Amino acid sequence: MTFYTFGLIGHPIKHSLSPLIHNAALAAHGIAGEYRLFDVPELPNNATRIVALLDSFHAGIINGLNVTIPHKQVILSYLDKLTLTAQNIGAVNTIYQIGSRLVGDNTDAPGFLKPLASYTRGLSDDKTAVIIGAGGAARAVAYALNQQGWKLTIAARRKQQAQQLANNLSKHPLIEKIESSPGVHPDDCHQIRIVAQKHINRIMEWTKVDLVVNTTPIGMTPHEDENPWPDDCDLPSGAIIYDLVYNPAETAFIRAAKAAGLDCIGGLDMLIEQAALAFECWTGLDAPRDVMRVAAFEKLVK
Ligand code: NAP
């Protein structure tokens with residue numbers, strides 16, 4: 001009987017929920033195997049450890065890997081092939097093997113979109129989203145939304161980081177121009193704008209907002225009272241509020257959105273979906289999403 005070994009490469013990872021989620025999925029299928037944590041600090045000092053882990057893959061000792069901070073981007077150069085999604089985002093969170101080749105994929109983008117789908121059915125084609133933050137998760141979110149034709153405003157505390165994210169997306173034909181001056185009224189044709197996070201309250205002067213996504217760690221335990229949306233500004237009326245932070249189970253941002261009567265999506269939905277897609281890719285089996293969710297939910301701050 002095959003014994004599966006999956007794992008996560010990153011640093012720091014000791015609080016990761018991935019072993020719980022994947023081991024629950026293996027157990028639900030009655031598959032022998034385990035999901036392990038491979039704590040590998042920053043490259044290049046630890047490059048030999050990454051190479052050794054990838055060699056274990058080739059040797060059949062490891063059957064699937066997830067990748068997280070700080071290696072999601074640097075791992076690209078160690079792989080034989082990238083999916084189009086991973087290539088376009090410029091980051092890999094899942095590695096699998098096809099024949100003798102190691103393939104890098106990114107399940108964060110489809111993992112983000114799946115929970116959103118049921119909330120967007122009634123929206124017109126002219127959909128606008130505000131993404132708060134411009135780090136690794138924002139890249140996957142922005143790519144996913146851009147692919148689906150959303151107009152985007154990226155609200156980040158560092159303009160250069162937001163500009164890089166927008167430039168990365170601008171390879172996509174939907175990009176027409178990048179508006180970088182907060183307060184300037186952009187033409188309707190602009191697909192991507194960037195704005196300083198401190199000017200987030202001005203976005204609604206320019207545009208309707210159908211979706212707000214928090215991709216920063218603001219509100220993450222132990223800072224459960226922090227909210228990425230300014231206290232003195234109403235949330236956009238009728239918008240869907242999506243917080244990528246999954247611990248606590250209900251963030252201050254989600255609580256505020258619920259109080260305002262808005263549709264909300266918490267980070268656990270994406271966490272489970274991106275893990276489920278990786279599990280399916282490694283095993284070829286349907287991921288038991290409910291079981292995976294229960295395993296993770298038990299460990300969250302309530
Ligand atoms: P990251 O690459 O470090 O990016 C974080 C972004 O948030 C950066 O733009 C950072 O700006 C900004 N930021 C951090 N603290 C801030 C603050 N106090 N005020 C304003 N901006 C701030 O991290 P990531 O990988 O994108 O992860 C971000 C969050 O998403 C984490 O909480 C993570 O757990 C969550 N996440 C959830 C899922 C899921 O499946 N639900 C998946 C991926 C990530 P600077 O660069 O200036 O610091």
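Predicted model: local features only at pLDDT ≥ 70, side-chain atom pairs only at ≥ 80, totals over all residues.
Local features need pLDDT of at least 70 and side-chain atom pairs pLDDT 80 or more, whereas totals for chains, interfaces and linings use all residues. Residues are numbered from 1 along each chain, and side-chain values use heavy atoms, without hydrogens or water.

D105 belongs to strand β6 (residues 101-105), strands being DSSP runs of E of at least two residues and helices runs of H or I of at least four, numbered from the N terminus. Beyond its neighbours within four places in sequence, D105 has contacts (heavy atoms within 4.5 Å) with residues including T83, T85, N93 and Y96.

Strand β11 pairs in parallel with β12 over four bridges and is likewise joined by four bridges to β7 (residues 128-132), also in the parallel sense; pairing requires at least two DSSP bridges. L211 of β11 is the bridge partner of A129 and stands opposite I240 in β12. In a regular strand the side chains alternate between the two faces of the sheet. In β11, L211 and V213 point one way and V212 and N214 the other, and all are buried.

Helix α8 (residues 252-259) has A252, F253, I254 and A257 buried, and their cover includes β11 (211-214), β12 (240-243) and β13 (264-265).

Conventions. Buried < 20%, exposed > 50% of the residue type's maximum accessible area, 1.4 Å probe, protein only.
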